[in-house]
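Student: Hi! Could we go through this model together, a bit at a time?
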Amino acid sequence: MGLRMLNQRQIEAFRAVMVSGGITTAAAAMRISQPAVSRLIRDLEARIGVTLFERRAGGRLRATADAAALFQDVERYFIGLEQIDQSAAGLRRRSRGTLRVASLPALYVDLLPRFIGRFLAQRPDLDIELIGNSSEATIELVSSGRCDIGFVDSPFDHPRLRREELAGVSAVAVVPAAHPLAGNQMLAPSDFEGNPFVSIARATQLRTRIDAFFLSQGVRRQLGPETPLSLIACSLVAAGGGLAIVDPFTAAAVRDPAVCFKSLDPRIEVSFSLVTTQNTHLSGPAQDFIAGIQREFAQLV
């Protein structure tokens with residue numbers, strides 16, 4: 001017979017006697033009378049048809065081998081209840097559960113890992129899975145329910161997704177440390193003329209805005225290599241491939257002394273969007289994560 005089919009109070013009395021060693025201490029722990037504990041034990045024995053305690057002189061009890069065997073199951077049951085209670089408490093504190101986050105590389109490389117590290121420091125029981133992918137793949141992961149939150153860099157229209165644009169940030173120029181332009185505090189579009197230019201792949205918001213930046217200023221670039229990732233663009237610049245323009249988050253992750261980063265005038269604003277599914281109630285940790293990353297972007301601006 002399973003424990004859940006037995007009287008809960010009888011099981012509590014049995015456990016109290018086993019743990020405390022006697023009726024008197026069990027009664028004190030349960031805050032009931034000694035006769036009430038004795039009655040609960042007798043009723044339990046009658047229900048399961050097994051003698052759990054041998055009665056000794058002076059009202060003392062001695063646990064039988066059957067009591068010891070039952071106690072093992074009872075302890076597992078109570079430990080399970082405690083774990084459930086702890087889990088529920090963690091959910092109330094928004095510190096327990098699993099959060100799946102997908103992101104394009106610009107945020108995946110540096111900003112999100114650092115933010116997640118601080119976020120988890122206050123939530124040690126929370127599991128976060130961070131997946132790096134393109135914006136298109138991230139949209140698919142969130143819309144299919146395989147990820148809770150996504151970060152993308154391109155506007156889109158999807159019937160199952162909700163998009164919230166985060167505060168915009170300024171792109172930066174990447175210059176070889178030994179280049180004459182490395183001494184400038186800020187670069188203008190004309191500074192790029194006559195220098196090979198490392199381009200970010202097409203069909204990205206950053207590439208579109210970089211092209212518009214030079215077109216509006218009437219500057220013709222000497223186009224060099226093209227790469228899908230800003231991080232690779234920085235490596236190409238370090239190797240002498242030319243100049244580049246990247247997002248500031250990638251720039252913050254680069255520790256290569258062979259390159260330096262410069263502001264642009266006029267600025268190129270880069271914006272990222274946070275993506276969740278429509279009509280889905282987000283968990284407490286997910287809501288806290290979103291609020292935290294929104295503050296992070298606001299501080300950067």
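Predicted model: local features only at pLDDT ≥ 70, side-chain atom pairs only at ≥ 80, totals over all residues.

Student: Which residues of helix H7 are buried, then?
Tutor: In H7, which covers residues 135-143, the buried ones are Ser135, Thr138, Ile139, Leu141, Val142 and Ser143. Just after H7, Gly145 has a positive phi of about 85°.

Student: Okay, helix packing. At what angle do H1 and H2 cross?
Tutor: Roughly 125°, and the axes of H1 (residues 8-20) and H2 (residues 23-30) come within 8 Å. Axes are lines fitted to C-alpha atoms over the stretch in contact, with angles from 0 to 180 degrees between N-to-C directions.

Student: What do you call that arrangement of H1 and H2?
Tutor: H1 and H2 are oblique to each other. Under 35 degrees is roughly parallel, over 145 roughly antiparallel, 65 to 115 roughly perpendicular, and the rest oblique.

Student: Which residues of H1 and H2 meet?
Tutor: H1 brings Arg9, Glu12, Ala13, Ala16, Val17 and Ser20, and H2 answers with Ile23, Thr25, Ala26 and Met30. Contact here means heavy atoms within 4.5 Å.

Student: And how are H2 and H3 arranged?
Tutor: H2 and H3 are roughly perpendicular to each other. Their axes cross at roughly 105° and come within 8 Å, with H3 being residues 34-48. On the H2 side, Ile23, Thr24, Ala26, Ala27 and Met30 meet Gln34, Val37, Ser38 and Leu40 of H3.

Student: Where is Arg31, and what is its phi?
Tutor: Arg31 is found in the loop between H2 and H3. Its phi is near 60°, which is positive although Arg31 is not a glycine. Arg31 is also exposed, at 79% relative accessible area.

Student: Where's the cis peptide bond?
Tutor: It runs from Asp265 to Pro266, with omega near 5°. Pro266 is in the loop between strand S13 (259-264) and strand S14 (269-270). Most peptide bonds are trans.

Student: New topic: how many residues are in the largest nonpolar core?
Tutor: It has 56 residues, and Leu107, Ile149, Phe151, Phe192, Ile245, Phe272 and Phe289 are those with the most contacts inside it. A nonpolar core is a set of buried Ala, Val, Leu, Ile, Met, Phe, Trp, Tyr and Cys residues joined through side-chain atoms within 4.5 Å. There is also a second, separate core of 21 residues, including Ala13, Ala27, Ile41 and Leu44.

Student: What is Ile245 in contact with?
Tutor: Setting aside neighbours within four places in sequence, its contacts include Phe192, Phe197, Leu206, Phe213, Leu264 and Ile268.

Student: Last one: is Ser271 buried or exposed?
Tutor: Buried, at 5% relative accessibility. Ser271 is in the loop between S14 and strand S15 (273-277). Beyond four places in sequence, it touches Asp153, Glu165, Leu166, Gly168, Gln205 and Arg209.

Student: And what about Arg209?
Tutor: Arg209 lies in helix H8 (residues 205-216) and is partly exposed, at 32% relative accessible area. Arg209 and Val270 are 61 residues apart in sequence but 8.0 Å apart in space, C-alpha to C-alpha.

Conventions:
Residues numbered from 1 in each chain as written. Heavy atoms only, no water. Helix = DSSP H or I, 4+ residues; strand = E, 2+ residues; numbered from the N terminus. Buried < 20%, exposed > 50% of the residue type's maximum accessible area, 1.4 Å probe, protein only.
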